[in-house]
Amino acid sequence: MKLNISVVLGILMCLNATAQNTGKVWGIEECVNYALENNIQIKQTALQVEANKTSQQSAKWDIAPNFNLNSNYGWNFGLNIDPVTNEISQARRQTASLNLQGNWVVFNGLRKHYNISKSNLDYLAALYDLEDIKNDISLNVAASYLQILLNKEILAVAKEQERVSQLQVNRTTKLVEAGASPKGDQLQLEAQLARDHQNVIASENALTISKLQLANLLQLENPDDFEISSPDLDVPEAALVARDPASIFATAMDLQPAIKGAETRVESSEKNEAITKSGAYPTLSVVGQVGTSYSDQILEPAGTETVNLPQPIYDQNGQVIFIPYSQTVPIGPYEEKKFGNQVGDNLNEYIGLSLSVPLFNGLNVHSNKQIAEINTKQSQLQLEMEKNTLRQTIYQAHADAKASYNSYLAAEVTVESSEESFKYSKERFEVGALNQFDFENAKNSLAIAKSEMLRSKYDYIFKTKVLEFYLTNQIKL
């Protein structure tokens, strides 16, 4: 069953923690908040949300160009090709290269676009999952909390029955000592007192177990000191019981995170189909590269000098004459060209377009399409399953609330009748007009009637708040 935290907060919003012992007393809101902060399932789901958010950011940045920087430095022995001059040589040499490469996909069947849409949907679905698991934990806390309150009241009924039996034992003991009653009456009452005390012990054990269950749900390290407040809950009016559950279901369809999450996953599966179909389209990319290289076999002169050289020209008569001109020429000795100079001089750039057309890839695209279509159908079936579960939950809660309300009304009448019957039986028993068996039967009938009324009351309160949540996504008290 899926509930929002507002369910449990609304169920007992009016609760005020009252001291039950010297230890800490927990209210319903404090229990729910503590569970939401410390529950391991919630923490795991929250981590999945963070992972999906990271994938979402990665998908968005995937449309940007890719840049990679590659470099190497090595030693060549034997026959090799100089990376700068492309000359074949057997000389040993040291070489290096540095390349910056870029690639930007211009078109690939809108795959990146669909992937962004899918990552957004996956992130949204993860958020719905987190809300859904919080609802489940909140519901479990509320159910455990109400179970403790019920067990407390049942224990109070058991103690009252024990108190009444103790009074009867005390009275009968005095009558036996005075010789006004047989010893057998005293023994029968003492046996009933023992049975009532046994019921008190059983009720105390049930209360302890329910406290431990809630403490374990909260993952408290020391559940022995755990204690909750005991508010007085009013019985809600029966307005929702008379309402058509189909209208509650129609409203809940737009509110519940489990439904929204399932719908989002259907959309995500459809986007995944589009991604697989894009694998059949060509991929057009802009590519570019800037690189340079180095070789220790590249030499350069130690310096240069300017010399005058004769330049032959023809005069007006067609005769050759020489006119001097200046020219800078290298002078020795020659030495290895420095690394920094080679990096700048050997720089090269490239830019172009790259087109990749898928022709045959072992039917991978076709197989991926079929798998994606199957996954979409599975998501659609999961959505229908979530809807059916929600419908069943609402109709069941409505039927339970109606039955609990009728049971509570009947139990009220039964308690009133049982109290009058017990009062009358007690008066007759005290004057000796009623036997021990009939008296105990009247007392037990009253205890059973009170216990059934309490169970019906708490069950009706819980089911009513469930219906209120499904109808409005909040609780109105």
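User: In which helix do K387 and E384 both lie?

Analyst: This is a predicted model. K387 forms a salt bridge with E384, and their closest N and O atoms are 3.9 Å apart. The two residues are 3 positions apart, about one turn of the helix, and the helix that holds both is α9.

User: Does K387 count as buried or exposed?

Analyst: The cut-off for a buried residue is under 20% relative accessible area. E384 has 39% relative accessibility and therefore counts as partly exposed. K387 has 19% relative accessibility, so K387 counts as buried.

User: What separates K463 and D459 in helix α10?

Analyst: K463 forms a salt bridge with D459, the closest N and O atoms being 2.9 Å apart. K463 is buried, with a relative accessible area of 13%, while D459 is partly exposed at 28%. Because they are 4 residues apart in α10, what separates them is about one helical turn.

User: Which residues are linked with K211 in a network of salt bridges?

Analyst: K211 forms a salt bridge with E227, with 2.6 Å between the closest N and O atoms. This pair links distant parts of the chain, since K211 is in helix α5 and E227 is in strand β6, 16 residues apart. Both K211 and E227 are buried. The residues linked with K211 in the network are K152 and E227.

User: How wide is the arc that the buried residues of helix α2 cover around the axis?

Analyst: The buried residues of α2 are I28, C31, V32, A35 and L36. Their arc puts them on the same side of α2, and it spans only 125°. One of these residues, C31, is touched by L214.

User: How many bridges join β5 to strand β7?

Analyst: Strand β5 pairs with β2 in the antiparallel sense over 11 bridges, and the partner of N66 in β5 is N103. Strands β5 and β7 also run antiparallel; here the bridge partner of T95 is S295. The number of bridges joining β5 to β7 is 12.

Technical notes
Residues numbered from 1 in each chain as written. Predicted model: local features only at pLDDT ≥ 70, side-chain atom pairs only at ≥ 80, totals over all residues. Heavy atoms only, no water. Buried < 20%, exposed > 50% of the residue type's maximum accessible area, 1.4 Å probe, protein only. Arc of directions from axis to C-beta. Pairing = 2+ DSSP bridges. Contact = heavy atoms within 4.5 Å. Salt bridge = Lys/Arg side-chain N within 4 Å of Asp/Glu carboxyl O. Lists of a residue's contacts leave out its neighbours within four places in sequence.
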